[in-house]
Amino acid sequence: PRLTVALGASAAFALTGDDSPMEIRRGTIETARDGGPVLITWHPSYILRLPSKASADAREQLRDDLVKTRTILGNQSVS
């Protein structure tokens with residue numbers, strides 16, 4: 001794939017082998033074990049468990065990361 005989006009820490013670890021905290025990795029692009037690019041972001045279920053203010057902030061961060069994905073892919077429709 002041209003870009004893989006890792007939703008959450010488990011996916012990020014499985015794809016990259018790095019178990020560093022999500023807070024410092026979210027929104028970054030890392031290299032997968034297979035050499036491809038991986039965008040690290042929050043898992044939606046994590047956002048749902050947060051208190052309302054933190055949830056709103058994390059939801060906005062996830063949205064920003066998905067917009068970043070479209071930019072990286074050249075605004076092509078993502079399916």
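The model is predicted.

Start with the sheet. Three strands form an open sheet, in the order E1-E3-E2, and the pairing is mixed. The edges are strand E1 (4-7) and strand E2 (29-31), and each of these pairs on one side only. From one strand to the next, the twist averages 40°.

Take the pairings one at a time. E1 and E3 run parallel and are joined by 4 bridges. Along this pairing, Thr4 stands opposite Val38 in E3. E2 and E3 pair in the antiparallel sense, over 3 bridges. Here Glu30 has Val38 in E3 as its bridge partner. E2 and E3 also make a hairpin, with 5 residues between the strands. Within that hairpin, Gly35 takes a positive phi near 95°.

Of its 5 residues, 4 are buried, so E3 is largely enclosed by the rest of the structure.

Ala6 has its place in strand E1. Its relative accessible area is 0%, so Ala6 is buried. Which residues does Ala6 contact, leaving aside its neighbours within four places in sequence? They are Ala11, Ala12, Leu15, Val38, Leu39, Ile40 and Thr41. Ala6 and His43 are 37 residues apart in sequence, yet their C-alpha atoms are 8.2 Å apart in space.

Is Ser10 buried or exposed? Ser10 is exposed, because its relative accessible area is 63% and exposed means over 50%. Ser10 and His43 are 33 residues apart along the chain, and 9.2 Å separates their C-alpha atoms.

H4 has 21 residues. From its first C-alpha to its last it reaches 30 Å, close to the 30 Å expected at 1.5 Å a residue. Which residues of H4 are buried? They are Ser55, Ala58, Leu62, Asp65 and Thr69. These residues cover an arc of only 85° around the axis, which puts them on the same side of H4. The spacing has a simple background: an α-helix has 3.6 residues a turn, so residues three or four places apart point the same way.

What covers this buried side? The cover over the buried residues of H4 includes E1, E3 and helix H3 (44-49). The face of H4 turned away from its buried side carries the exposed residues Ser52, Lys53 and Thr71. Leaving aside its neighbours within four places in sequence, Ala58 is in contact with Trp42, Ile47 and Leu50.

The largest nonpolar core has 10 residues in all: Ala6, Ala12, Met22, Ala32, Val38, Ile40, Trp42, Ile47, Ala58 and Leu62. Strand E3 (37-41) and helix H4 (52-72) each supply at least two residues of this core. Ala6 from E1 belongs to the core too.

Finally, follow the chain past H4. Just after this helix, Gly74 takes a positive phi of about 80°. Leu73 lies in the segment after H4. Leu73 counts as buried because its relative accessibility is 15%, and buried means under 20%. Leu73 and Leu3 are 70 residues apart in sequence, while in space they are 7.7 Å apart, C-alpha to C-alpha.

How values were computed: Residues numbered from 1 in each chain as written. Predicted model: local features only at pLDDT ≥ 70, side-chain atom pairs only at ≥ 80, totals over all residues. Heavy atoms only, no water. Core = buried A, V, L, I, M, F, W, Y, C linked by side-chain atoms within 4.5 Å. Buried < 20%, exposed > 50% of the residue type's maximum accessible area, 1.4 Å probe, protein only. Contact = heavy atoms within 4.5 Å. Pairing = 2+ DSSP bridges. Axes fitted to C-alpha atoms, helices over the stretch in contact; angles between N-to-C directions. Expected span 1.5 Å × (residues − 1). Arc of directions from axis to C-beta.
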